[in-house]
Amino acid sequence: MDDDSGAGDWLATESKGYAENFVPQEPWQNTVSFCEPSSLPKEIPSTAPSTTLNLDWVHGFNSRESRQNLFYTKTGDSIIYSAGAVGVKLSGLSKDAEKTQQFANDHTD
């Protein structure tokens, strides 16, 4: 038996009677039962709410799964890249300039 596997601790706990009918579970499985709603609405709406989200800033760039997808603009003061399903133009690359982003996410597919 591997000393690092924790099996020795399990057997010691079981022999003391602490682990009767114990089934190891993921941590979230022990908390979900305590998060049940206190009351349910009488009628659940069948339509989605009319809300929108506004994108403020894109953090990150995945260069492992997408190659050759970061470009400098002709003037060299901005870069253009895709992040997920959003096209991003990052401006203000000079040392003292304020960085801003513009997004292209008008696709409908």
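The protein chain holds two helices and four strands. Helices here are DSSP runs of H or I with at least four residues, strands are runs of E with at least two, and both are numbered from the N terminus. From that end, the elements run α-α-β-β-β-β. The model is predicted: local features need pLDDT of at least 70, side-chain atom pairs count only at pLDDT 80 or more, and totals for chains, interfaces and linings use all residues. Residues are numbered from 1 along each chain as its sequence is written, and side-chain values use heavy atoms, without hydrogens and water.

Confidence was examined next. The mean pLDDT (the predictor's confidence in each residue, from 0 to 100) is 77 for the protein chain. A score of at least 70 is reached by 67% of the residues. Among the elements, helix α1 (residues 7-15) has the lowest mean, 56. Strand β4 (residues 100-104) has the highest, 94. Where pLDDT is low, the predicted coordinates should not be read in detail.

The four strands form an open sheet in the order β1-β2-β3-β4, with antiparallel pairing. Two strands pair if DSSP finds at least two bridges between them. Strands β1 (70-72) and β4 are the edges, each pairing on one side only. From one strand to the next, the twist averages 20 degrees. Three bridges join β1 to the antiparallel strand β2 (residues 78-83). Tyr72 stands opposite Ile79 in β2.

Burial was computed for the whole chain. Of its 109 residues, 13% count as buried, meaning under 20% relative accessible area with a 1.4 Å probe, protein chains only.

Key
Buried means under 20% relative accessible area, exposed over 50%, partly exposed in between (1.4 Å probe, protein chains only). Axes are lines fitted to C-alpha atoms, for helices over the stretch in contact, and angles run from 0 to 180 degrees between N-to-C directions.
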